[in-house]
Protein chains: 2
Amino acid sequence: MEKLKKRSGCPISCSLDIFGDKWSLLIIRDMMFSQKSTYGDFLKSAEGIATNILASRLQGLEENKVIEKLEHPDSKAKVLYKLTQKGIDLLPIILEIHFWADKYLTIPADIKAMIKAAKKDKDAFVKMMTKELKKQLGKENSNS
Amino acid sequence: MEKLKKRSGCPISCSLDIFGDKWSLLIIRDMMFSQKSTYGDFLKSAEGIATNILASRLQGLEENKVIEKLEHPDSKAKVLYKLTQKGIDLLPIILEIHFWADKYLTIPADIKAMIKAAKKDKDAFVKMMTKELKKQLGKENSNS
DNA sequence: TAAATTTGCTTGCATAATGCAAGTGCAAAG
DNA sequence: CTTTGCACTTGCATTATGCAAGCAAATTTA
């Protein structure tokens with residue numbers, strides 16, 4: 001379904017092969033900033049991802065170890081998607097995109113507040129958020 | 001040809017609407033790190049972009065003021081594509097992608113060296129590169 | 001100065017990705 | 001034991017991408 005072929009050895013190119021599409025980073029954003037973790041959660045996002053695209057992106061991100069599938073504590077019918085350490089480490093990229101967008105695009109006020117806070121001390125913000133997100137890691141990956 | 005419709009007000013979503021595809025950031029990378037500036041230059045890159053896709057991406061990036069078309073000093077047959085300030089300011093994003101790739105993917109040695117240097121003092125590296133890139137800005141945009 | 005080449009595209013067409021609506025199978029709730 | 005919710009899958013129309021060829025204007029070559 002998804003291609004795995006690397007176009008070149010360039011780190012930007014390889015990275016884009018993993019998350020360089022219009023949807024992957026939005027799923028990651030939802031997991032980072034909105035505590036979303038189920039298929040249904042992602043479907044509810046404002047951008048309106050199609051069900052099949054969501055399924056294929058979740059699969060791709062899982063294959064690339066950016067996210068992992070865990071069993072949901074509430075029900076076997078649900079699936080918990082969580083960021084791995086590799087996924088959590090995309091936070092600096094997501095933040096820099098926010099900073100750029102803040103400078104050149106029109107941003108909702110509530111998000112502007114978050115951006116302002118993050119800008120004040122980026123390293124501290126990243127550490128704090130990373131710590132929060134790590135709490136939710138699956139057991140297999142807790143040793144990182 | 002290209003869609004301009006915003007999927008949501010989210011800064012990540014809006015940013016991806018501008019450069020969230022498999023090619024745009026590679027063109028920007030070439031302009032930042034390889035001094036490429038003509039249509040022919042971009043075609044030569046390792047990933048092998050198709051001519052029509054290159055044309056449509058250049059057009060899209062220009063419409064979004066990320067790059068600008070200038071006349072080539074050597075010949076009227078050539079076109080000079082240059083990053084605007086808005087484009088130059090994508091550098092921190094590109095750098096963070098490098099850092100992430102450096103941690104999780106296999107990277108060519110020469111690029112690893114650049115990444116190492118950039119990591120040592122990121123702010124200084126960004127300032128230095130920004131200064132270099134600004135030298136090449138077109139007159140209309142020099143006032144930023 | 002005429003012919004060949006370079007440059008920056010455009011066009012046509014095959015293939016692949018995306019979007020949309022409907023359907024399926026399993027788990028849990030009523 | 002039927003209905004609902006959840007996580008997908010499937011089929012099909014639309015759009016984007018990839019590839020090869022073509023093309024006009026500018027430049028070089030003969």
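For sorting residues by class, Ala, Val, Leu, Ile, Met, Phe, Trp, Tyr, Cys and Pro count as nonpolar, Asp, Glu, Lys and Arg as charged, and the others, Gly among them, as polar. This is a predicted model, so to speak of local features pLDDT must be at least 70, while side-chain atom pairs count only at pLDDT 80 or more and totals for chains, interfaces and linings use all residues. Residues are numbered from 1 along each chain as its sequence is written, with chains lettered from A and ligands numbered from 1 in the order in which they are written.

**View 1. The surface near DNA strand C draws on both protein chains.** Look for α4 (51-63) of chain A, plus α3 (39-43) and α4 (51-63) of chain B: each supplies at least two residues. Helices here are DSSP runs of H or I with at least four residues, strands are runs of E with at least two, and both are numbered from the N terminus. By class, this surface has seven nonpolar, eight polar and four charged residues.

**View 2. Chain A has eight helices and two strands.** Follow the chain along its sequence and you get α-α-α-α-β-β-α-α-α-α. Its radius of gyration is 16 Å, close to the 15 Å that the globule rule gives for 144 residues, so chain A is as compact as a globular protein of that length. That radius is taken over C-alpha atoms, and the rule is 2.2 Å times the number of residues to the power 0.38. Along the principal axes, the C-alpha atoms fill a box of roughly 40 × 40 × 35 Å. Buried residues make up 35% of the 144; buried means 20 or more other C-beta atoms within 10 Å of a residue's own, exposed means 12 or fewer, and partly exposed is in between, with C-beta atoms placed from the backbone.

**View 3. Chains A and B meet through 37 residues from each.** A contact is two residues whose C-beta atoms, placed from the backbone, lie within 7 Å. On the chain B side, α1 (11-19), α2 (24-33) and α6 each supply at least two residues, and α6 gives the most, with twelve. That side has 21 nonpolar, six polar and ten charged residues.

**View 4. A 180° rotation with 0.0 Å of shift along its axis puts chain B on chain A.** The RMSD is 0.0 Å, using least squares on the C-alpha atoms of residues with pLDDT of at least 70 in both copies. Of the chain B residues, B:Asp21 comes closest to the axis, its C-alpha 2.5 Å away. The same surface serves both copies, with 100% of the contact residues of chain B recurring in chain A.

**View 5. Helix α6 of chain B is mostly covered.** Spanning residues 91-104, this helix has 14 residues and reaches 20 Å from first C-alpha to last, close to the 20 Å expected; the expected span is 1.5 Å times one less than the number of residues. Eleven of the 14 are buried, among them B:Leu91, B:Ile94, B:Trp100 and B:Tyr104.

**View 6. B:Glu96 sits in helix α6 of chain B.** This residue is buried, with 22 other C-beta atoms within 10 Å. Leaving out residues up to four places away in sequence, B:Glu96 touches A:Pro92, A:Ile93 and A:Glu96.
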